[in-house]
Amino acid sequence: MITPLEKWIIKDAKLTKDYRKTLDAYQLINIEKTIKYVKDNSLFYKNQLQDISGNISSLKDFSEIPFTYSKDISEDPYRFLCMPEKFVKRIVTLNTSGTTGANKRIFFTENDLNMTVDFFAAGFKAMAGKNDRVLIMMPGLTYGSVGDIIKKSLDKLNVVNFVVGVMEDSYETARFIKYNNINSIVALPMQILYLSRVHKDIFKSVEKLMLSADYVPEVLIQELSAKNCSVFTHYGMTETSYGCAVECKALNGYHYRENQLYLEVVNPLTGEVLEDGNWGEIVVTTFKREAMPLIRYRTGDWGAFKTQTCKCGTFLKTLERSRGRINNVINACNTKINTREFDELLLKFESVMDYKVSEENDNLKTTLYLHENCCLDNIKATLNSFLQNKCKGKFKFTLVPDDKKNIVFVHNTMIKRVPTSRT
Ligand SMILES: [Zn+2]
C-alpha cells in the first residue's frame with residue numbers, strides 16, 4: 001500500500017501529472033514565499049537575509065543561504081516571531097543545555113497547529129483504521145499539546161482513541177489497555193520498552209505501535225516485531241510543529257511532509273549539501289508557518305535520504321530511520337562513541353529498563369536500571385568486549401546496577417537523552 005501521505009500531498013499541493021517534478025517546483029515556490037515572508041516579518045531574518053534577493057531560481061541557489069541554529073532561537077526567540085503575540089495560540093518552551101540559562105521558545109498559531117493535525121491524520125492512515133482502539137501515551141491536556149494534536153488527527157479518521165499522558169504507573173496503564181481493548185499505542189520508545197518488558201501479557205493484544213522520538217533503538221523495534229507487533233516510527237521535533245516524517249506500511253524508513261517542509265542533509269562540519277545516500281545533519285525549512293517559520297534550521301539530528309524508492313512505490317522521498325542526535329556522544333580514549341551504540345548494546349538485555357553512561361577519569365560509569373537483577377555477568381562481558389574493541393583496553397568501566405521498582409526515572413530520561421560527560 002502506497003503511503004497515504006502521497007494522496008494527501010498531491011491534493012494539498014495540487015500536483016499534476018509528473019508528480020515529482022511538480023512537487024519540486026512547488027517546494028521551490030514555497031521556499032521563495034517563505035523567504036519573502038520572514039524578511040518582511042521577522043527581525044532575525046530581516047537581518048540574516050538582508051543580502052538575499054528572495055529570487056531563488058534553483059535549489060543550488062538555496063544552498064547558499066545561511067543556516068539558522070538552535071542558539072539563534074534561544075538567544076532571542078521573539079526576533080523570530082512574525083506577528084503580534086496575541087495571534088499566538090501556543091508557545092512551547094524547551095530547555096536548552098549550556099550555561100546561559102536561555103530557553104528556546106517555539107510559537108504556533110492555530111493554522112500552524114492545524115497543518116500538523118492534517119499531516120498526522122494522513123500519516124496515521126497507514127496504521128489505524130475504524131476497527132482500532134488507540135492509546136495515546138503523550139501529554140495531551142492542554143490545547144496544542146502533542147497529545148491533543150494526535151487526538152484531533154485520529155478523531156478526523158473516526159478512530160477511537162484515549163489520551164492518557166506520559167505513563168507514570170505501568171500497572172494502571174496495563175489495566176487501562178486490558179479493560180479498554182486497546183490494540184494500538186502511540187508512545188515514546190523507552191516507555192514502550194518498559195511496558196512491554198514488565199507487562200508481557202498485555203502485548204499479546206497490542207498489534208500496532210507508533211513510536212515517536214528523535215531515535216528509536218533498532219533492538220527495540222526487533223524485539224517488538226518478534227511479538228507480532230507492527231512498529232511504525234515517527235521522526236519530529238517541536239521546531240517542525242511536532243510532526244516531520246513517518247513510516248508507511250513498508251516499515252523501512254520515513255516519508256516526510258514535503259508539502260509543508262523542505263529537508264536537506266548536510267555535512268555537519270562543512271555545511272555542504274550531501275547527495276542522497278550519505279549520512280549527515282538534517283536541515284529543515286518550513287512552509288506556510290505563520291508564527292515562526294524557519295529557514296535552513298540545523299536540527300542536530302543524523303539523517304540520510306535513501307537512494308532507492310520505497311517498497312510502497314511512492315514518488316515521495318524516503319529518509320532512513322533516524323540515528324539520533326549528532327552531539328550525543330561520550331568521549332572515551334579519544335574516541336567518540338554515540339549513545340546510540342550503547343542503546344543497541346545494553347537495551348538488548350531484557351532486564352535493562354534504561355541506563356545512564358558518564359565518563360569520569362578514563363572510566364566509563366554505567367548505571368543500569370534493572371527490572372530483574374539478572375544477566376549482570378553477560379552485560380559485563382558484552383560491555384567489556386565492546387570497549388576492548390574501541391579502546392584496546394585503555395579504558396575502564398564500572399557497572400552500577402540500580403534495581404528501581406518504579407518508572408519515574410524512565411519518565412525523565414527518555415526524551416533527547418544526553419550523556420553526562422566532563423567534556
Ligand atoms: Zn513507503
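1. A friendly place to start is the pair β11 and β12: four bridges join strand β11, residues 280-286, to β12, and the two run antiparallel. To find the pairing on your screen, look for Gly280, which stands opposite Gly303 in β12. Please keep in mind throughout that this is a predicted model.

2. Those two strands belong to a sheet of three. The sheet is open, its order is β10-β11-β12, and the pairing is antiparallel. The edges are taken by β10 (261-266) and β12 (297-303); each has a single partner strand, so one side of each is left without a neighbour in the sheet. On average, neighbouring strands here are turned by 30 degrees against each other, with direction ignored.

3. Strand β7, residues 230-235, and strand β8, residues 245-247, pair in the antiparallel sense over two bridges. A handy landmark is His234, which stands opposite Val246 in β8.

4. Next, helix α7. How many of its eleven residues are buried? The helix spans residues 146-156 and is mostly covered, with eight of the eleven buried. The buried set is Val146, Gly147, Asp148, Ile149, Ile150, Lys151, Ser153 and Leu154. You will notice that Asp148 and Lys151 are among these buried residues. Just after the helix comes Asn158, which takes a positive phi of about 55 degrees.

5. A loop residue also deserves a look: Thr314, found between β12 and β13 (329-332). Is Thr314 buried or exposed? It counts as buried because it has 21 C-beta neighbours inside 10 Å, the cut-off for a buried residue being 20 or more. Which residues does Thr314 touch, leaving aside its neighbours within four places in sequence? The contacts are Ile2, Thr3, Glu6 and His255. Thr3 lies 311 residues away from Thr314 along the chain, yet their C-alpha atoms are separated by 6.7 Å.

6. On the domain level, the assignment for this chain gives domain 1 as 1-259 + 282-300 and domain 2 as 329-406. The C-alpha centres of the two domains lie 31 Å apart. Ten residues from domain 1 and nine residues from domain 2 take part in the contact.

7. Finally, a closer look at the side of domain 1 that touches domain 2. Two elements give two or more residues to it, namely α9 (189-198) and α10 (218-225). Which of the elements gives the most? That is α9, with five residues. By residue type, this side of domain 1 divides into eight nonpolar, no polar and two charged residues.

Technical notes:
Residues are numbered from 1 along each chain as its sequence is written. This is a predicted model: local features need pLDDT of at least 70, side-chain atom pairs count only at pLDDT 80 or more; totals for chains, interfaces and linings use all residues. Two strands pair if DSSP finds at least two bridges between them. Axes are lines fitted to C-alpha atoms, for helices over the stretch in contact, and angles run from 0 to 180 degrees between N-to-C directions. Domain bounds come from an automatic or database domain assignment. Two residues are in contact if their C-beta atoms, placed from the backbone, lie within 7 Å. Ala, Val, Leu, Ile, Met, Phe, Trp, Tyr, Cys and Pro count as nonpolar, Asp, Glu, Lys and Arg as charged, and the others, Gly among them, as polar. A residue is buried if 20 or more other C-beta atoms lie within 10 Å of its own, exposed if 12 or fewer, and partly exposed in between; C-beta atoms are placed from the backbone.
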